[in-house]
Each structure stands twice: as C-alpha cells, then as structure tokens.
Amino acid sequence: MFAGTLTRNTETAAAQYSGMIHSTRFDIAIQLETRPKMSERSPDYDVTAVNKSGRKVRIGTAWNETGNTSGNPYISMQIDVGLGPFRVNAVQTKEARAAKSGEFEIIPLVSNGFMKSGSISGELTAMDADNAFAGYIANMMFDLDFMLIENDYKSVDTHPDYRVEVSSPRGKPIRVGSAWMAKSSRTGNNYLSLLINTPDGDLRVNAVQNEEQRGGQTFSIIPFIDSGEQPQDAGAGLSLVA
C-alpha cells in the first residue's frame, strides 16, 4: 500500500526528479539521480534517500518506460527501505501530459498474487458529488474503509474506471486497488469489479445490487465468482494505469 508524488527538476539540479513516498509505516523523501547505463535494460536512475543519520543512501533503481496499450511514458521503480523490495510506478494524468507538466503520481504496481475471497462482508455507497463511492470490506482478519475515486489516468477502455483509496494514519490517500464498471451479460444489471491489494495478496470482489437495492445508491460486496464476465484485463493487477 503505497502513494506519493514525483516532480521533474530543472536541468541544473543534481537530481533529475524529487518526490515523496508514503505508506502506513513511513514517509520518505526520495530523489532520482541519473546513472550510467551498462545495457539497454539497465536502470536509468538510482533512487536515493537520506537516512536518520543524515547520510544519503541508495534505496532502489528506476527505469523510463512506455505503456504497452496507452503509449504514455512513465517511470518504473523498485525500492527497498528495509522491509523487502516493492514496485511502484510514477504516472501522469491526461491534464499533466497535455500541459507538459513535470508532476507525477506514485502508485502501486504489483502485489503478492491472488488470495481467496472466502467469507467477505461489505457495502459500497454512491456519493452525491464527484462520481465517487464510499465503502467498507471486512472478514475475520481485516476491516477496511475505502473510497472509489475516478481514475484520471484512464486513456483506453481496459484501464480501471476507479482507483481504490484508503487513508494513512496521517490522512494521506494511499491507493490500494482498482475498480471497473461492468454489466452482466446474463441479467443486464450493472455492477463493479474490484481488485484490492492486501498484505496477503490481491483480493477480487464484486459490488452488486439485489432486488431491494436496484435503482438505489447502495451495493453489496460479495466474493468474486469467475463467470467469464469480468472486464478485460481486470485480473492484470494494479499496473493498468499508465
């Protein structure tokens, strides 16, 4: 569960990019410094940070990449701050790309594979403003309050319609998943397909309406059942944003 920002620096700066990465356990200022490339696939940058002693340390590497379906440039980073390696991407909204802005948002990339949804309870409610949803999902092991926020990075049909966000203890929004609008080919009813990252892996669930809820603002979250109706690429994890 990670979030953050990255900003392209002026050409005279020592580091090409500066930014912050947040999680429920840390807030770290980072810099991306250009490094010599040994081969085509070797990293383009060293990711550095300053530790508690004030010493600059290398905590990862980063690559300039291009989205396979969108063709949009982004930065892929692999970072280790002492808790094990994790992967994130730095991507831009359509508005930032149009304005040729140097502002990027850091989002999760991959997780630990799929976990079985098992016995899940939850509810999702459409908000009156901003085309957003508020909800919760819970079982005997976790209880998570979250929001669905429109995905500003959607540029092709297979990209998620929403990002799933939770709040850190300091109130920072952290993206933990993606959601797609879908329609059942069997019943014709609309539903949402959610992919949520947990410490135990990705959790897939659907938000559907029963007969009493239909036409209203409330959806019930149920375990995912593979009926072949999932939106295209909905199982491809959290990388469908670049």
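At 66% relative accessibility, Glu211 counts as exposed, where exposed means over 50% relative accessible area, buried under 20%, and partly exposed in between (1.4 Å probe, protein chains only). Its salt-bridge partner is Arg214, with the closest N and O atoms 2.8 Å apart; a salt bridge here is a side-chain nitrogen of Lys or Arg within 4 Å of a carboxyl oxygen of Asp or Glu. Arg214 is partly exposed, at 34%.

A word on the ground rules. This is a predicted model, so local features need pLDDT of at least 70 and side-chain atom pairs count only at pLDDT 80 or more, while totals for chains, interfaces and linings use all residues. Residues are numbered from 1 along each chain as its sequence is written, and side-chain values use heavy atoms, with hydrogens and water left out.

Back to the charges. The structure holds seven salt bridges. In one of them, Asp46 meets Arg58, with the closest N and O atoms 2.9 Å apart. Asp46 sits in strand E4 and Arg58 in strand E5 (residues 56-66), so this pair ties together parts that are twelve residues apart in sequence. Helices (H or I, at least four residues) and strands (E, at least two) are DSSP runs, numbered from the N terminus. Arg58 is exposed, at 53%. Salt bridges with shared partners also join Arg35, Asp46 and Arg58 into one network. Elsewhere, Arg163 and Glu165 pair up at 2.5 Å, N to O, and here both ends are buried: Arg163 at 12% and Glu165 at 14%.

Contact means heavy atoms within 4.5 Å.

Now for the rings. The whole structure has five aromatic pairs; rings of Phe, Tyr and Trp (its six-membered ring) pair if their centres lie within 6.5 Å, and planes under 30 degrees apart count as stacked, over 60 as edge-to-face and the rest as tilted. Tyr17 and Tyr45 have ring centres 5.7 Å apart and planes at 90°, so they are edge-to-face. Tyr17 belongs to strand E2 (residues 17-22) and Tyr45 to strand E4 (residues 45-50), so the pair links parts 28 residues apart in sequence. Tyr17 is buried at 5%, and Tyr45 is buried at 5% too. Together with Phe104 they form one aromatic cluster.

Finally, look around the helix. The protein has one helix and 17 strands. Thr93 is in the loop between strand E7 (86-91) and H1, and is buried at 19%. Its side chain reaches the backbone nitrogen of Ala96 at 3.0 Å. Beyond its neighbours within four places in sequence, Thr93 is in contact with Asp152 and Tyr153. Lys100 lies in the loop between helix H1 (94-98) and strand E8 (103-108). Lys100 is exposed, at 75%, and has a positive phi of about 55° although it is not a glycine.

Conventions
A polar contact is a pair of N or O atoms within 3.5 Å; within protein, one must be able to donate a hydrogen and the other to accept it, and residues adjacent in sequence count only if both atoms are side-chain atoms.
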